[in-house]
Amino acid sequence: MQANPAPALKPDRQSLSVDDARRAILDGITPIEGWCSVPVRTGLGRVLAEDVIAPFNVPAHDNSAMDGYAVRAADLLEDAETRLGVVGTALAGVPFSGLIGKGQAVRVMTGAVLPRGADCVVVQEITRTENSEVIIPAGQRSGQNIRRAGEDLAQGAVALPSGKRLGPAELGLIASLGIAEVKVRRRLRVAFFSTGDEIASIGSPLAPGQIYDSNRYILFGVLSHLDCELLDMGVIPDQPAALEKALVDAAASADVILTSGGVSVGEADFIKALLQKLGDVAFWKINIKPGRPMAFGKIGTTLLFGLPGNPVAVMVTYYQFVLDALLKLMGVAPLPERPLLEAECTGHIRKQPGRREFIRASLHRSEGGWKVEPTGAQGSGVLRSMSEANCFIVLPESSANVAPGSAVQVQLFEGFS
Ligand code: AMP
Ligand code: MG
């Protein structure tokens, strides 16, 4: 359990900007404590708890960057061909054991240790051989086609910094250093549940007026990408006693609780009273669409995000507010940049100034550059248009209707997972 100071909670507000809400959330978060050593492959997706230091130079030796001949540049004529005697071969993994003397060359393969005495590699394609001699054209330079020892990484240098999340490149880099185990932060424990008398779990028949739960599946999906320990607590009915028990249980065992539903006007009141009794939780109205209502705070040391009920609002608020909070809690540093790209909008979008809107859309390349097209019905419960989308068009608070042909800002889903 992390021992963070309580986040700087603002009192309930009529309206909070997306940026202020993000800042208020992120500022109060410090990484969880606790780490373990794991074999390199098990570290995939985990966050380094300490720097990985290069135990030796990478590459370990000066070596050839090309197939060709290792020579002494001083032996070469400046403006005519030079004939050198070929005295041996150096393969990757099988060095030439001798010393190259005056007038001599050694055939080298890419990656082979540079033979002693050589200071230049001449690529094979520009040479000719006659018997046991190689003919080198003019114009070669000392140092060419050589990878120097320690060029990629000097012994003792930080190969990977603490806070780095391990992906395929990092696994390869760690392995190249001969390191078998890495120190990573422990997994984040995230409890989540859906709320609502009308929500049924798949597997049980729908009573009149009920709908199946989407949100736990969405949260399972996004959280699985973060390699968290998941505590799926099911669907909790809109009953204070059941909600209180779920929240108390979740707070006892998780670092973070994610709930969905029950934070909109009308529904919020008893949940508000409950959360204020159990912890320090504020109800926000954020200038965002979809996803205006959200609760955020703490129960004990456990962070709580009370997300809206509509499935697309869950995804939007998760990506804009929760994801980076979880990454920061997991110890990821620095947090990833989330670039906004510019593209030409091909559709018409109705909007009133006031909120920052996230429109599900499809970005594609066509003649004349990148175009972006809204993917259809934008109701905050419509997951189909979310599934067809590969990005959000992000319309700023001040924006009104968007006409086809306008330049808009686009936030890619790539990197969200
Ligand atoms: P609420 O804020 O609880 O009133 O929820 C807002 C809307 O989202 C309502 O139409 C709910 O039926 C719907 N909703 C809430 N939770 C879920 C869920 N887990 N899966 C699908 N829809 C939901
Ligand atoms: Mg509800």
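This report walks through the domains, sheets, cavities and pockets of the structure above.

Keep in mind that you're looking at a predicted model.

**Getting your bearings**

The domain assignment of the protein chain gives domain 1 (18-35 + 186-330), domain 2 (37-58 + 160-185), domain 3 (63-147) and domain 4 (341-412). Notice that domain 1 is written as two stretches, 18-35 and 186-330, and domain 2 is too, as 37-58 and 160-185. If you take the centres of domain 3 and domain 4 over their C-alpha atoms, 58 Å separate them.

**Two sheets to trace**

A quick bit of background: strands in a sheet pair through backbone hydrogen bonds, and they can do so in a parallel or an antiparallel way.

Let's take the sheet with the order 16-13-17-21-20-18. It is an open sheet of six strands, and its pairing is mixed. At the edges sit strand 16 (229-236) and strand 18 (280-285), each of which pairs on one side only. Going from one strand to the next, the twist averages 15°. Zoom in on strand 13 and strand 17 (residues 256-260), and you'll find them paired in the parallel sense over five bridges. Here Ser194 stands opposite Ser260 in strand 17.

Helix 1 (residues 18-27) touches strand 18, strand 20 (293-299) and strand 21, and its direction makes about 165° with that of strand 18. Helix 5 also packs on the sheet, touching strand 18, strand 20 and strand 21. The direction of helix 5 makes about 145° with that of strand 18.

Now for another open sheet of six strands, with the order 7-4-6-5-9-8 and mixed pairing. Strand 7 (120-123) and strand 8 (128-130) stand at its edges with a single partner strand each, so one side of each has no neighbour in the sheet. On average, neighbouring strands here are turned by 40° against each other, ignoring direction. Inside this sheet, strand 4 (residues 68-71) and strand 6 (residues 104-108) run antiparallel and are joined by three bridges. Look for Ala70, whose bridge partner in strand 6 is Val106.

**Spaces in the model**

How many cavities of 30 Å³ or more does a search of the whole structure find? It finds two.

| Space | Volume | Lining residues by class |
|---|---|---|
| Largest cavity | about 80 Å³ | eight nonpolar, four polar, no charged |
| Second largest cavity | about 60 Å³ | four nonpolar, no polar, five charged |
| Largest pocket | about 630 Å³ | 13 nonpolar, 16 polar, ten charged |
| Second largest pocket | about 230 Å³ | six nonpolar, three polar, four charged |

The largest cavity has a lining that includes Phe193, Leu243, Ile271 and Leu304. Strand 13 (189-195), helix 4 (240-253), helix 5 (268-278) and strand 21 (302-307) each supply at least two residues of that lining.

What about the second largest cavity? Among the residues lining it are Arg46, Arg185, Arg186, Arg187 and Asp227. Domain 1 and domain 2 both give residues to this lining, so the cavity lies between them.

The largest pocket is lined by 39 residues, and the closest to its centre are Gly309, Asn310, Pro311, Ala313 and Ser380. Strand 13, strand 15 (211-212), helix 6 (311-329) and strand 23 (356-366) are the elements giving two or more residues to the lining. The largest share, four residues, comes from strand 23. Domain 1 and domain 4 each contribute at least three residues to the lining of this pocket.

For the second largest pocket, 13 residues form the lining, and the closest to its centre are Asp19, Gln320, Leu340, Arg356 and Gln411. Helix 1, helix 6, strand 23 and strand 26 (407-412) each give two or more residues. Which element gives the largest share of this lining? That's helix 1, with three residues. And where does the pocket sit? Domain 1 and domain 4 both give residues to the lining, so the pocket lies between them.

Key
Residues numbered from 1 in each chain as written. Chains lettered and ligands numbered in written order. Predicted model: local features only at pLDDT ≥ 70, side-chain atom pairs only at ≥ 80, totals over all residues. Heavy atoms only, no water. 1 Å grid on protein atoms, 1.4 Å probe; cavity = no way out; pocket = protein on both sides within 12 Å on 5 of 7 lines; lining within 4 Å. Points joined across faces, edges and corners; volume = space filled by probe spheres on them. Nonpolar A, V, L, I, M, F, W, Y, C, P; charged D, E, K, R; others polar. Domains from an automatic or database assignment. Pairing = 2+ DSSP bridges. Axes fitted to C-alpha atoms, helices over the stretch in contact; angles between N-to-C directions. Contact = heavy atoms within 4.5 Å.
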